[in-house]
Amino acid sequence: MAKLTHEDILAYLEEATILELNDLVKAIEEKFDVTAAAPVAVAAADAGAAAEPTEVNVTLTEVGGTKVAVIKAVREITGLGLVDAKGLVDKVPSVIKEKVSADEAKEIKEKLEAAGATVEVK
């Protein structure tokens with residue numbers, strides 16, 4: 001039997017139907033006792049993990065019509081005094097919290113939006 005070159009193999013793969021490729025994969029799995037699906041599953045799991053950040057920043061982007069309520073919410077969230085919280089609200093856009101969990105960021109966003117503010121989580 002003549003030895004196949006990489007070019008021969010690639011040419012076959014380009015012209016093969018999906019059914020022929022499926023049969024080839026099954027034959028390779030049986031012959032070499034491997035599973036073709038495992039690397040795909042690992043890659044998909046890694047892609048999902050990369051899409052979901054573990055730490056995010058919460059940024060106040062707009063105050064809205066109820067500035068006092070937003071200042072109170074910022075004080076509650078950050079533990080800052082009145083002057084410092086007002087300073088953050090006055091300097092929109094401003095980061096309210098950095099490197100927090102996605103769950104905590106969701107709670108912060110809900111509190112600020114309930115006060116009338118617009119918030120961005122990244």
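The expected span is 1.5 Å times one less than the number of residues, and helices (H or I, at least four residues) and strands (E, at least two) are DSSP runs numbered from the N terminus. The model is predicted, so local features need pLDDT of at least 70 and side-chain atom pairs count only at pLDDT 80 or more, whereas totals for chains, interfaces and linings use all residues. Residues are numbered from 1 along each chain as its sequence is written, and side-chain values use heavy atoms, with hydrogens and water left out.

Within α4, Val70, Ile71, Ala73, Val74 and Ile77 are buried, a term that means under 20% relative accessible area, with exposed meaning over 50% and partly exposed lying in between (1.4 Å probe, protein chains only). Seen down the helix axis, the buried residues of α4 fall within an arc of 160°, so they line one face of the helix; the arc is that of the directions from the helix axis to the C-beta atoms. An α-helix has 3.6 residues a turn, so residues three or four places apart point the same way. The face turned away from the buried side of α4 carries the exposed residues Val68, Lys72 and Glu76. Cover for the buried residues of α4 includes β1 (56-62), α5 (82-90), β2 and α6 (102-114). After α4 comes glycine 79, whose phi is positive, near 80°.

Strand β2 (residues 94-100) contains serine 94, which counts as buried because its relative accessibility is 8%. Leaving aside neighbours within four places in sequence, serine 94 is in contact (heavy atoms within 4.5 Å) with Val58, Thr59, Leu60 and Leu88.

Salt bridges form another group of features. A search of the whole structure finds six of them, each defined as a side-chain nitrogen of Lys or Arg within 4 Å of a carboxyl oxygen of Asp or Glu.

| Pair | N to O distance |
|---|---|
| Lysine 111 and glutamate 76 | 3.2 Å |
| Glutamate 104 and lysine 97 | 3.4 Å |
| Lysine 109 and glutamate 113 | 3.8 Å |

The salt bridge between lysine 111 and glutamate 76 links distant parts of the chain, with lysine 111 in helix α6 and glutamate 76 in helix α4, 35 residues apart. Lysine 111 counts as partly exposed at 39% relative accessibility, whereas glutamate 76 is exposed, with a relative accessible area of 55%. Lysine 109 and glutamate 113 are four residues apart in helix α6, and therefore are separated by about one helical turn. Salt bridges that share partners also join Lys67, Lys86 and Asp90 into one network.

Isoleucine 28 lies in helix α2 and counts as partly exposed at 39% relative accessibility.
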